[in-house]
Amino acid sequence: MAKKLLLAGGGHAHMMMLAHIGTLTTEGHEVTVVQPSNHHYYSGMGPGMLSGFYTAEDIRFRTRFVVERQGGRFLLDKAVRIDAEKQCVELESGIRQEYDVLSCNTGSFVPFNDIEGENDKIFSAKPIEQLLEAQKNIIGGCSNPDLSINIVGGGAAAAEIAGNVHHLAVKNGCPGVKVRIFAGSKLMKNATPAIQRIIRNYFQKKNITIDESGHVDRIENSTVIMKNGQSHSSDFIFLATGVQPSPLFSASDLPTGPDGGLLVNEYLQCPDHPEIFGGGDCIYYEPRPLEKVGVYAVRENPILLHNVLASLQGGTLQPFDPGGNFLAIFNLGGEYGALQKGLLNWGGKISFMVKDYIDRRFMTRFQSLEKE
Ligand SMILES: Cc1cc2nc3c(=O)[nH]c(=O)nc-3n(C[C@H](O)[C@H](O)[C@H](O)COP(=O)(O)OP(=O)(O)OC[C@H]3O[C@@H](n4cnc5c(N)ncnc54)[C@H](O)[C@@H]3O)c2cc1C
């Protein structure tokens with residue numbers, strides 16, 4: 001029997017699902033994808049796009065085009081609330097979209113709200129589109145020899161943005177750019193000591209300042225004000241203070257994890273509403289909390305696809321196995337990478353080349369859907 005499948009967000013965990021839409025529509029199912037952008041940006045390549053190493057086209061996937069060419073319906077809109085009892089999703093435009101099966105991949109956001117005064121020079125690490133906007137603005141500001149760029153946050157996204165924004169400014173005629181990372185107590189505290197050292201040494205050579213003297217309290221008129229009372233004026237500010245799951249689930253009457261993500265069981269399925277599935281940063285995986293990294297979203301693809309199909313057409317669900325430790329490569333700008341896998345820690349051009357190869361291969365695989 002023909003059914004209605006609704007995909008909220010076309011993120012990393014939905015890539016295989018998006019590739020499969022043609023088969024579903026041929027079988028008579030109605031497939032609708034809701035997303036606030038016609039494109040989905042691959043975050044792993046976002047910092048590289050910021051520095052100008054990649055173009056926007058290199059790192060984005062034409063979601064709308066791919067959905068529509070396979071007979072699916074694309075709504076340029078945002079899911080704001082799920083009414084699980086009535087099996088419908090309310091969209092920002094006021095539309096109520098019904099479903100038989102719903103799969104959510106609405107990602108995460110940077111929850112930093114302590115901003116007063118002007119904020120047109122403040123950019124967030126997510127959505128990745130913001131990095132493109134930042135790039136245009138910073139190139140425009142490179143005629144200022146004392147350009148000052150501050151990054152608030154101490155994790156991988158902060159380190160990658162710092163290195164790449166530094167490279168962008170130098171390449172565009174601002175060798176004296178002052179890049180400072182407000183890392184709280186310690187930069188990359190979850191990385192191995194060797195990776196921390198590699199990053200520190202590289203940033204020291206580039207004159208990128210790592211401030212570990214405490215946390216940022218607020219931003220007022222482009223000035224970073226710290227809890228210890230110090231203040232630092234900035235021409236541009238990036239916010240990379242960690243992410244929280246999309247607010248969609250806390251706005252709906254659905255079970256969530258402590259971080260507000262959609263609670264899902266081992267089948268990536270909402271325990272109270274078996275017709276709702278989810279993957280990527282927006283879920284809280286009940287068997288064990290997962291780091292908010294694209295690696296898990298990518299690993300979830302085949303299971304999410306299998307289980308959504310089983311739910312539409314009948315069949316047995318498969319459990320998701322998050323797997324063991326994963327390869328992480330940090331792009332520090334200037335084609336320099338820091339690679340971490342188990343006991344292996346390696347900094348240099350080759351690490352970057354490995355990341356570039358893996359990331360381009362991922363994009364080529366899914367961008368090929370735009371050409372078939
Ligand atoms: C700068 C940066 C670099 C990173 N680099 C890496 C890396 O190298 N490797 C790695 O493993 N991880 C990396 N990460 C982490 C990674 O970005 C996330 O884990 C990954 O993006 C999660 O994928 P996702 O599909 O769940 O979410 P997203 O990539 O955020 O995608 C969510 C999608 O849903 C759409 N959407 C959002 N809200 C709604 C809504 N309400 N309704 C409908 N659609 C919606 C968005 O438009 C988007 O297309 C990085 C993160 C950042 C910020």
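**Entry 1: Gln87.** I looked up the exposure of Gln87 and counted 18 C-beta neighbours inside 10 Å, so Gln87 is partly exposed. The scale I used calls a residue buried if 20 or more other C-beta atoms, placed from the backbone, lie within 10 Å of its own, exposed if 12 or fewer, and partly exposed in between. Gln87 sits in the loop between β6 (79-83) and β7 (88-91). Its phi is positive, about 50°, although Gln87 is not a glycine.

**Entry 2: conventions.** I note that the model is predicted, that local features need pLDDT of at least 70 and side-chain atom pairs pLDDT 80 or more, while totals for chains, interfaces and linings use all residues. Residues are numbered from 1 along each chain as its sequence is written. Helices (H or I, at least four residues) and strands (E, at least two) are DSSP runs numbered from the N terminus.

**Entry 3: other loops.** I turned to Leu268, in the loop between β21 (262-264) and β22. Leu268 also has a positive phi, near 60°, and is not a glycine. Leu268 counts as buried because it has 27 C-beta neighbours inside 10 Å. I then found a cis peptide bond from Lys126 to Pro127, with omega near 0°. Pro127 belongs to the loop between β12 (122-124) and α6 (129-141).

**Entry 4: helix α9.** I checked the length of α9 (residues 294-313): its 20 residues should span 28 Å at 1.5 Å a residue, and its end C-alpha atoms are 28 Å apart, which agrees. The expected span is 1.5 Å times one less than the number of residues. I recorded a bend of about 40° at Asn301, with Pro302 following within four residues; the bend is the angle between axes fitted to the seven residues ending there and the seven starting there. Buried residues of α9 include Tyr296, Asn301, Ile303, Leu304 and Leu312. The buried residues of this helix pack against β1 (4-8), α1 (15-19), β9 (101-104) and β22 (276-278), where contact requires C-beta atoms, placed from the backbone, within 7 Å. Just after α9, Gly314 has a positive phi of about 95°.

**Entry 5: the ligand.** Which element gives the most to the shell around the ligand? I found that α9 does, with three residues. In total 35 residues surround the ligand, and Gly9, Gly11, Ser43, Gly107 and Gly280 are the closest; a residue is near if its C-beta atom, placed from the backbone, lies within 6 Å. Domain 1 (4-36 + 77-109 + 243-324) and domain 2 (115-186 + 197-242) both give residues to the shell, so the ligand lies between them. These bounds come from an automatic or database domain assignment.

Definitions and conventions
Two residues are in contact if their C-beta atoms, placed from the backbone, lie within 7 Å.
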